[in-house]
Amino acid sequence: MRLDQHPILSFDRGKPITFTFDGKPVNANEGESIAAALHAAGYKTLSHSLKLGRPRGFFCAIGKCSSCMMQVNGIPNVKTCMVLAEEGMDVRTQHGWGELKNKPSSRTYPRREMPLLETDVAVVGAGPAGLSAAIYASKFGAKVLVFEENTKVGGQLIKQTHMFFGSRDHHAGVRGIDIGDKLISQLGDNVEIMTETPVVGYYAPGELAVIRDHRLHRVRAKKIIVATGASENMLALPNNDLPGVYGAGAVQTLMNVYGVLPGKRMLMVGAGNIGVIVAYQALQAGVDVAAVVEALPVIGAYQVHASKLRRCGVPILTRHTIQTTWGDGQVEGATIVRLDDNWRQIPGTEQDIACDTICLSVGLKPTVEIFFQAGCSMAKIPELGGDIPIRNEFMETSVEGLYVAGDASSIEEASSAMLEGRLAGLDAVEKLKGSSDELQELKNHVKESLDELRAGPFGEKIRQGEKKLQEEASRL
Ligand SMILES: Cc1cc2nc3c(=O)[nH]c(=O)nc-3n(C[C@H](O)[C@H](O)[C@H](O)COP(=O)(O)OP(=O)(O)OC[C@H]3O[C@@H](n4cnc5c(N)ncnc54)[C@H](O)[C@@H]3O)c2cc1C
Ligand code: FES
């Protein structure tokens with residue numbers, strides 16, 4: 001169902017269009033992803049799994065999990081959360097691997113030279129980290145190309161309707177959706193952003209492969225800054241693949257980007273900031289939130305967010321977890337259970353909750369495939385989110401000229417992502433174009449701001465992770 005009203009957002013729906021889903025007509029609007037348009041029309045099952053043929057809906061909505069892959073205009077494995085619906089499209093449920101109906105021949109696609117894009121600095125990802133890197137590298141004279149696989153610029157910010165915390169310097173008190181616009185307005189003329197352009201590989205040093213307009217392009221850059229963000233963790237439980245089980249970010253994308261309801265009644269799993277904020281945003285959109293369950297004995301979210309949710313009558317059950325989810329083809333409910341002091345489920349405390357939406361907010365992991373492919377030295381640091389590239393204080397990895405910034409380097413917040421992006425951008429341009437007093441001053445200021453940001457009690461985990469990272473780096 002599409003939203004007509006929202007307390008914060010207004011949805012500028014595009015021109016009405018029609019496409020077909022398994023032969024049936026579906027009404028959509030220009031600017032909607034295929035998956036969002038199908039949800040709005042009430043279709044949650046998009047594919048069937050490889051071996052057991054189980055129904056699959058979408059989970060991440062940001063192109064990172066592959067559960068939304070369908071056959072579009074005869075082409076299999078299209079990630080329908082990332083591709084916009086078009087008039088007359090033929091969209092079909094994919095069963096297993098999918099099949100390419102009309103196999104291309106050398107006659108349909110004659111051999112052509114691979115296009116080459118050259119730049120001083122290539123930035124991968126146009127979230128707060130990537131945009132900040134582009135702003136600061138270009139400020140001191142670098143030509144910058146930013147590659148973004150999404151149709152929109154801003155990364156996670158495009159769906160954050162709440163006011164951000166932190167200091168004024170880091171846009172505190174500004175809604176996330178407006179921070180993205182502020183960053184975009186600061187981009188210099190020597191920055192070009194290419195949307196719908198995923199980076200699919202790092203090959204020779206300084207060389208990337210990107211897909212643009214259905215063609216593979218080669219990118220040659222003197223410095224590369226990778227700010228690919230993070231993806232959501234799945235939770236191991238029976239039937240966790242049923243359509244109707246989503247990551248919290250996917251629910252946000254549906255509601256806040258496309259104005260489409262994920263369902264009527266939701267169970268939220270995880271009471272960290274993201275879980276509690278998304279549960280509140282679901283209420284704002286008109287979804288009934290049955291409860292928030294949290295395995296820890298305490299609520300991880302800032303109290304102000306938790307209090308807002310409680311005032312609306314939503315119970316936050318600590319020391320509880322989801323035991324199973326059930327439903328015929330899609331989620332119809334979940335069983336939750338209490339945990340004892342040793343994290344064991346207490347028999348007899350099970351409780352069934354009727355709901356059509358289960359939202360998992362159980363942590364994020366950095367998106368780091370490019371660093372593995374580039375042969376960077378990696379370290380597993382749980383405090384920073386898992387596998388991350390080892391990097392120096394200016395965000396350069398063990399591969400010279402390859403930088404990391406934002407959630408891809410450690411799961412933190414937009415404020416630290418922006419600072420890390422600035423640092424990477426400044427270091428890259430300094431090495432390319434030479435230093436100056438202004439650049440040095442800025443670099444020192446950004447470093448101090450990062451240290452200040454991580455100094456408080458909320459930065460304790462990150463400080464521990466940073467310490468481990470430095471130990472790993474000293475062993476290289
Ligand atoms: C519900 C919620 C609430 C939050 N609240 C706050 C808050 O109050 N304050 C705060 O400071 N932070 C908050 N955050 C965290 C903040 O949004 C993130 O830390 C921040 O967006 C990370 O920025 P990033 O640029 O590293 O990654 P992202 O914002 O995730 O951007 C990464 C970008 O890279 C693109 N990309 C990925 N792979 C490729 C590829 N191969 N090719 C091309 N492009 C690619 C993605 O499409 C994306 O646009 C919140 C997050 C959530 C989910
Ligand atoms: S890739 Fe589309 S839902 Fe995850």
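In this predicted model, the lining of the largest cavity draws at least three residues from each of domain 1 (16-95) and domain 3 (245-362), with bounds from an automatic or database domain assignment. A cavity is a set of points, on a 1 Å grid over the protein atoms alone, where a 1.4 Å probe fits but cannot get out, and lining residues have an atom within 4 Å of a point. One cavity of 30 Å³ or more is found in the whole structure, and about 30 Å³ of space lies in the largest cavity. Its lining consists of Ser33, Ala35, Ala36, Phe58, Ala61, Cys81, Thr253, Leu254 and Tyr258. Two or more of these residues come from each of α1 (34-40) and α4 (248-257). By class, seven are nonpolar, two polar and none charged.

The second largest pocket (an open set with protein on both sides within 12 Å along at least five of seven lines) has a volume of about 390 Å³. Of its 23 lining residues, Ser47, Arg56, Cys65, Ser66 and Ser67 lie nearest the centre.

Helices α2 (residues 128-139) and α8 (residues 414-433) have axes that come within 7 Å and cross at roughly 35°, in a right-handed crossing. Contact (heavy atoms within 4.5 Å) involves residues including Ala133 and Tyr136 in α2 and Met418 and Leu426 in α8. The contact residues divide into ten nonpolar, three polar and one charged.

Residues are numbered from 1 along each chain as its sequence is written, and side-chain values use heavy atoms, without hydrogens and water. Local features need pLDDT of at least 70 and side-chain atom pairs pLDDT 80 or more, whereas totals for chains, interfaces and linings use all residues.

Terms used: Chains are lettered from A and ligands numbered from 1 in the order in which they are written. Grid points are joined across faces, edges and corners, and a volume is the space filled by probe spheres set on the points. Axes are lines fitted to C-alpha atoms, for helices over the stretch in contact, and angles run from 0 to 180 degrees between N-to-C directions. Helices (H or I, at least four residues) and strands (E, at least two) are DSSP runs, numbered from the N terminus. A crossing is left-handed if the near helix is turned anticlockwise from the far one by less than a right angle, and right-handed if clockwise. Ala, Val, Leu, Ile, Met, Phe, Trp, Tyr, Cys and Pro count as nonpolar, Asp, Glu, Lys and Arg as charged, and the others, Gly among them, as polar.
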